[in-house]
Amino acid sequence: MWKIFAFINKRLVIAIPIMMVAGFIYGLLFSSTGLKGLIIPFTFLMVYPMMVTLRIRSVFQGGDSKAQLIAQVLNFGIVPFLAYGLGRVFFAGQPYMALGLLLAGLVPTSGMTISWTGFAKGNMAAAVKMTVIGLTLGSIATPLYVKALMGASIEVNILSVMRQIFFIVFLPMLFGYLTQRFLVKRYGQEKFQKVLAPKFPGLSTIGVLGIVFIAMALKSETIAATPQLLITILIPLLLMYGVNYTISTFTGKALLSRGDAIAMVYGSVMRNLSIALAIAINAFGEQGSEAALVVALAYIIQVQSAAWYVNFTNRIFGHAEATA
């Protein structure tokens, strides 16, 4: 079973479109009302496993302050406003679609940040720290950004959003940390890191696929009536990721060493779409499924673009051996 989960986790580019199609077909053939009861279990399954492997203590390690500062300036000073601006242009009459784009640009970093930094031979320690800092700051800032930027277009109950983030992020973070300490104490740090920790991302992937399926089922009739909607969503997503890659790449090339630059690129471009998806579908009721659809499509672009970028890192930043 764990091998199956790992297999799926490595093929999200294929698995997510398959689940989107399956959810679309299900929503056309059957009533999707009963699926709403599965949102909370799938949300927990999506978020909790990634928290078990989060190395919170890494925040207190030093040596990469410039990379951390640049990453957070991009994450909270540029990308959210880029997403908001694109939403205003492309979803002028669809505020919940614009909300989905904003959420996709709001919560930075995920386990993918660490993984792809490793594949590109970047600074893994810096990537881990960016993940913890970005996730924590993003979770605190998200309700404030949503209220400030979208409050005039949609009804935003900031206390409700903050409550959802507590249950979606901080409670699983606490349980994940306690689980991690229990497993380390029982099996040792080495066995946890090499044997147990790699199993958890697969569980998180099942939660992601379940939420994607539900989001598509809930919006299947709307998509069937306006199939061009998917193209309309993909264009601003491609622009958001393209601009993000461009800014972070030039900034990293100009100001940072190779390892720190790669960590900074993935620490600012990779968004925690699992958290964004959970917020969209839990905090905004029925209309949240529109926002969730945008986030679900962002997965496809994010995973594929991250893989492509690995192939260009040596050309952009030089070979790891040459710059060591």
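**Helical architecture and selected residues of a predicted model**

Met-50 is found in helix α3, which covers residues 39-52, where helices (H or I, at least four residues) and strands (E, at least two) are DSSP runs numbered from the N terminus. The structure is a predicted model, in which local features need pLDDT of at least 70 and side-chain atom pairs count only at pLDDT 80 or more, while totals for chains, interfaces and linings use all residues. Residues are numbered from 1 along each chain as its sequence is written, and side-chain values use heavy atoms, with hydrogens and water left out.

With a relative accessibility of 17%, Met-50 counts as buried; here buried means under 20% relative accessible area, exposed means over 50%, and partly exposed lies in between, as computed with a 1.4 Å probe on protein chains only. When residues up to four places away in sequence are not counted, Met-50 touches Ser-204, Asn-272 and Ser-274, a contact being defined by heavy atoms within 4.5 Å.

For the protein as a whole, the model contains 16 helices and zero strands. Its radius of gyration is 19 Å, which is close to the 20 Å that the globule rule gives for 324 residues, so the protein is as compact as a globular protein of that length; the radius is taken over C-alpha atoms, and the rule is 2.2 Å times the number of residues to the power 0.38. The C-alpha trace spans about 55 × 45 × 35 Å along its principal axes. Of the 324 residues, 53% are buried, and of the contacts between residues at least 6 apart in sequence, 84% join residues at least 24 apart. The protein exposes about 14,400 Å², and carbon and sulfur atoms supply 68% of this area, as computed by the Shrake-Rupley method with a 1.4 Å probe.

The protein has 23 positive and 8 negative charges, and their mean positions are 10 Å apart. In this count, Lys and Arg are positive and Asp and Glu are negative, whereas His and the chain ends are not counted; each charge is placed at NZ of Lys, CZ of Arg, CG of Asp or CD of Glu.

A search of the whole structure finds two salt bridges, a salt bridge being a side-chain nitrogen of Lys or Arg within 4 Å of a carboxyl oxygen of Asp or Glu. Lys-129 forms a salt bridge with Asp-64, and the closest N and O atoms of this pair are 3.0 Å apart. The pair links distant parts of the chain, since Lys-129 belongs to helix α7 (residues 124-150) and Asp-64 to the loop between α3 and α4, 65 residues apart. Both Lys-129 and Asp-64 are buried. The side chains of Glu-190 and Lys-194 also meet in a salt bridge, with an N to O distance of 3.2 Å. Because Glu-190 and Lys-194 are four residues apart in helix α9 (residues 189-196), they are separated by about one helical turn, and both of these residues are exposed.

Gln-72, in helix α4 (residues 65-90), counts as buried at 12% relative accessibility, and its contacts, not counting residues up to four places away in sequence, are Gly-77, Met-130, Ile-133, Gly-134 and Leu-137. Gln-304 lies in helix α15 (residues 288-317) and is partly exposed, with a relative accessible area of 24%; its C-alpha atom is separated by 9.9 Å from that of Ile-14, 290 residues away along the chain. Arg-181, in helix α8 (residues 158-187), is likewise partly exposed, with a relative accessible area of 26%, but Arg-181 and Lys-36, which are 145 residues apart in sequence, are 33 Å apart in space from C-alpha to C-alpha.

Phe-250 lies in helix α12 (residues 229-255) and is exposed, with a relative accessible area of 62%. Lys-121, located in the loop between α6 (111-119) and α7, is exposed with a relative accessible area of 54%, and Lys-121 has a positive phi of about 60 degrees although it is not a glycine.
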